[in-house]
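Grab a pencil and work through these exercises with the model open beside you. Each task comes with a solution that goes step by step.

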Amino acid sequence: MWKQTGLVLAITLVGLGPGSAEARFGKRSSPPPSSNPGSSPGGRPSPSPGHGAGTPRPRPAPSGGYYAPGYFSPYGYYGDPWHRYSYFDPAWAWPFMGPYVPSYGRYYRYSQPPPRPVLGVEDAAAQPFTTSFQADGAAVTEGYAVGLGMQTDGERFGFGIDLNLFNLATDDGTGGRDSISLLSVAPSYLVVKQPRVTWRVSAGLDAAFAPSVTMAGPGFGTNARLGLLGPLKLEANAHLTPLPYIQVRGDAGLALDLGHVRLRAGYRATYLDDQGVVDGVRNVDLFRGPFAGFSLVL
């Protein structure tokens, strides 16, 4: 009876040994025997020098990954049980399970993966929208003119407002000054958008505020910018109001890009024809002269 019981225990111990040690949960696989001459015939790596069966192995530092080997004593370990645990092979751990005898195992150390980048305010602000505000002054026949404008451009579509104010001497010899204001509001489309060349077309509403009449009608415009050398650019603009009055405006000049500030200078001409709307008499004016100004680009 006792001999049979001992034989069964011996067979059980022998059967559990080599079969379970081939793949231990949480342990790196050993190189195959053909690629590791120092391994034992059974496929289990030979003990490292100074670390025999009865010598405790120190716990090495983690290698930077999510898994690392470790050492545990029979007294247990301290830490969060949800973050680490160990598994022991009964076949080879059986001889060392006595009191005060260390046991070996492997453990998983759980660590949070690095956070994913989140689209922040800085990234959201990198949308392809630019807004420019411009102001210039011009010396024209019989007076002066001031130009104000705003242009917002997206990837292709945009929107612009342009206002030109003329302060002129009276044409009939009376005292005082005459003022004419030309307003243009129009959406625009960038036909060409390249680092050195841009070409925009627009169509919208024009209005003229003259001393004796206010008129409004459709307006069409176009402007282009060509890079010459470094920050130096060539600019040209043209605008047309076909009815109920005629406005033809054009300018050309140079611009110097200095980051968010653009300096501009050139020559501008404005042709106005009221088509006799006021009293049946056709009045025509031509204002031309040099201009200079700046733009603030945001």
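**Exercise 1. Find how many cavities of 30 Å³ or more the whole structure holds, and describe the largest one.**

Step 1. The search turns up three cavities of 30 Å³ or more. Here a cavity is a set of points on a 1 Å grid, over the protein atoms alone, where a 1.4 Å probe fits but cannot get out; lining residues have an atom within 4 Å of a point. Points are joined across faces, edges and corners, and a volume is the space filled by probe spheres set on them.

Step 2. The largest cavity holds about 70 Å³ of space. It is lined by 13 residues, and those closest to its centre are Ala138, Val140, Ala145, Phe166 and Arg268.

Step 3. Strand 4 (130–140), strand 5 (143–153), strand 6 (157–169), strand 12 (261–273) and strand 13 (284–297) each give two or more residues to that lining. Strands (E, at least two residues) are DSSP runs, as are helices (H or I, at least four), and both are numbered from the N terminus.

Step 4. Sorted by class, the lining comes to six nonpolar, four polar and three charged residues. Ala, Val, Leu, Ile, Met, Phe, Trp, Tyr, Cys and Pro count as nonpolar, Asp, Glu, Lys and Arg as charged, and the others, Gly among them, as polar.

A word on the ground rules: this is a predicted model, where local features need pLDDT of at least 70 and side-chain atom pairs count only at pLDDT 80 or more, while totals for chains, interfaces and linings use all residues. Residues are numbered from 1 along each chain as its sequence is written, and side-chain values use heavy atoms, with hydrogens and water left out.

**Exercise 2. Trace how strand 5 pairs with strand 4 and with strand 6.**

Step 1. Strand 4 and strand 5 run antiparallel, joined by 11 bridges; two strands pair if DSSP finds at least two bridges between them. Gly137 has Val146 of strand 5 as its bridge partner.

Step 2. On to strand 6: strand 5 pairs with it in the antiparallel sense, again over 11 bridges. Val146 sits opposite Leu165 there, and three residues make the hairpin link from strand 5 to strand 6.

Step 3. Back at the hairpin of strand 4 and strand 5, two residues lie between the strands, and Glu142 takes a positive phi near 65 degrees. Glu142 counts as partly exposed because its relative accessibility is 49% (buried means under 20% relative accessible area, exposed over 50%, partly exposed in between, with a 1.4 Å probe and protein chains only).

**Exercise 3. Is Phe287 buried or exposed, and which residues is Phe287 in contact with?**

Step 1. Look in strand 13 for Phe287. With a relative accessible area of 4%, Phe287 is buried.

Step 2. Skip neighbours within four places in sequence, and Phe287 is in contact (heavy atoms within 4.5 Å) with residues including Val140, Phe166 and Arg268.

**Exercise 4. Where does the cis peptide bond from Leu243 to Pro244 fall?**

Step 1. Check omega: the bond from Leu243 to Pro244 has a value near 0 degrees, so it is cis.

Note on methods. 1 Å grid on protein atoms, 1.4 Å probe; cavity = no way out; pocket = protein on both sides within 12 Å on 5 of 7 lines; lining within 4 Å.
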